[in-house]
Amino acid sequence: MGELIKIENLRHTYPGYEGREVVALTDINLTVNQGEFVAVIGTNGSGKSTLAKHLNALILPTGGRCLVNGIDTTDAERVWDIRQQVGMVFQNPDNQIVAAVVEEDVAFGPENLGIPPAEIARRVTEALELVNMEEYRHHGPHLLSGGQKQRVAIAGVLAMRPKCLVLDEPTAMLDPRGRKEVLDSVCRLNKEGITVVYITHFMEEAVVAHRVVVMEQGQISLTGTPAEIFSQVERLKTMGLDVPPAAEVAACLRKRGLKLDKNIISDEQLVVALCP
Ligand SMILES: Nc1ncnc2c1ncn2[C@@H]1O[C@H](COP(=O)(O)OP(=O)(O)OP(=O)(O)O)[C@@H](O)[C@H]1O
Ligand SMILES: [Mg+2]
């Protein structure tokens, strides 16, 4: 699989207030392959959002470089190309919805790209179907639930036909049902071939990724498969992170002498292990 995103020795320093610089990222090296689902976790202020903003040139490196499909994000002439290839979804769906009708909102991006109306109509239908929101296309977004709104926001990004979706805590403001709807949609999109970078503080969401990247004080401190990362229960706790509930329960049971596999990180795995 080809490399879609390549980050080399990335450093990011914010000017900060009164000349007090904030070093938000140092020595970040990360490659994301086409089709991969990478979850990014880390405590507050560890640099997750700063990293995400580099992936579609919302901010530029103060050291090192970030390549998107081979394009350096500092290449000012290619910035719209980069933003079309890497779509961003943020925490608050209300800030991302601009139109009064769902389908108009989804059409907004491709309209700005100057795409012909018939093609836009096709893309809007396709995007809404992909997030399972087709039946709401004529609705007003303000009447939708948080999870539905966030899926409309994702459809708006999909209508640009990106190669990669970067989602920065897209479920942080949603109830459990909305969280599940959004995560299910993201998993489906990844199965359709879209590369996913998913920032979350819900560890049970990171479990579904192919790879987990753990950030700590502006650096990547761990990376591995979900099983490799979440089996390190004590280490994650020392870092101030949660672990998926199933991994935590399994670790407790292991301490009490139960012979449970170290790789148990999801509810299903735990159930199967306890009730074979
Ligand atoms: N615009 C800014 N100006 C100055 N400092 C900033 C700015 N944005 C972020 N920072 C600082 O950079 C560091 C990394 O912030 P960032 O928002 O990337 O972390 P995060 O991991 O996304 O945190 P959270 O979990 O709270 O969303 C923090 O110390 C933060 O205070
Ligand atoms: Mg953040």
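Is Arg 177 buried or exposed? Arg 177 counts as exposed, because its relative accessibility is 65%; buried means under 20% relative accessible area, exposed over 50% and partly exposed in between, with a 1.4 Å probe and protein chains only.

## Basis of the report

The model is predicted, so local features need pLDDT of at least 70 and side-chain atom pairs count only at pLDDT 80 or more, whereas totals for chains, interfaces and linings use all residues. Residues are numbered from 1 along each chain as its sequence is written, chains are lettered from A and ligands numbered from 1 in the order in which they are written, and side-chain values use heavy atoms, with hydrogens and water left out.

A salt bridge is defined here as a side-chain nitrogen of Lys or Arg within 4 Å of a carboxyl oxygen of Asp or Glu. By this rule the count is 17.

Arg 177 is joined by a salt bridge to Glu 181, at 3.5 Å from N to O. Both residues belong to helix H6 (residues 176-191) and stand four residues apart, about one turn of the helix. Helices (H or I, at least four residues) and strands (E, at least two) are DSSP runs, numbered from the N terminus. An α-helix has 3.6 residues a turn, so residues three or four places apart point the same way.

Lys 180 is exposed at 51% relative accessibility, while Asp 184 is partly exposed at 39%.

## Salt bridges elsewhere

Lys 237 and Glu 248 form a salt bridge of 2.2 Å, N to O. Because Lys 237 lies in helix H9 (residues 233-238) and Glu 248 in helix H10 (residues 245-255), the pair ties together parts that are 11 residues apart in sequence. Lys 237 is partly exposed, with a relative accessible area of 37%, and Glu 248 is partly exposed at 28%.

Salt bridges also link Glu 119, Arg 122, Arg 123, Glu 126 and Arg 161 in a network.

## Packing of H5 against H6

The axes of helix H5 (residues 146-158) and H6 come within 8 Å and cross at roughly 25 degrees. Axes are lines fitted to C-alpha atoms, for helices over the stretch in contact, and angles run from 0 to 180 degrees between N-to-C directions. H5 and H6 are therefore roughly parallel, a term for angles under 35 degrees.

Contact means heavy atoms within 4.5 Å. In H5, the residues that meet H6 include Gly 147, Arg 151 and Leu 158, and their counterparts in H6 include Gly 178, Glu 181 and Leu 189.

## Buried residues in H3 and H5

Helix H3 (residues 102-112) has as its buried residues Val 102, Asp 105, Val 106, Ala 107, Gly 109 and Pro 110. Their cover includes helix H4 (117-130) and H5. Just after H3, Gly 114 has a positive phi of about 75 degrees.

Lys 149 is part of H5 and is buried, with a relative accessible area of 12%. Leaving aside neighbours within four places in sequence, Lys 149 contacts Pro 93, Asp 94, Ile 97, Pro 141, His 142 and Leu 144.

Methods
Angles under 35 degrees count as roughly parallel, over 145 as roughly antiparallel, 65 to 115 as roughly perpendicular and the rest as oblique.
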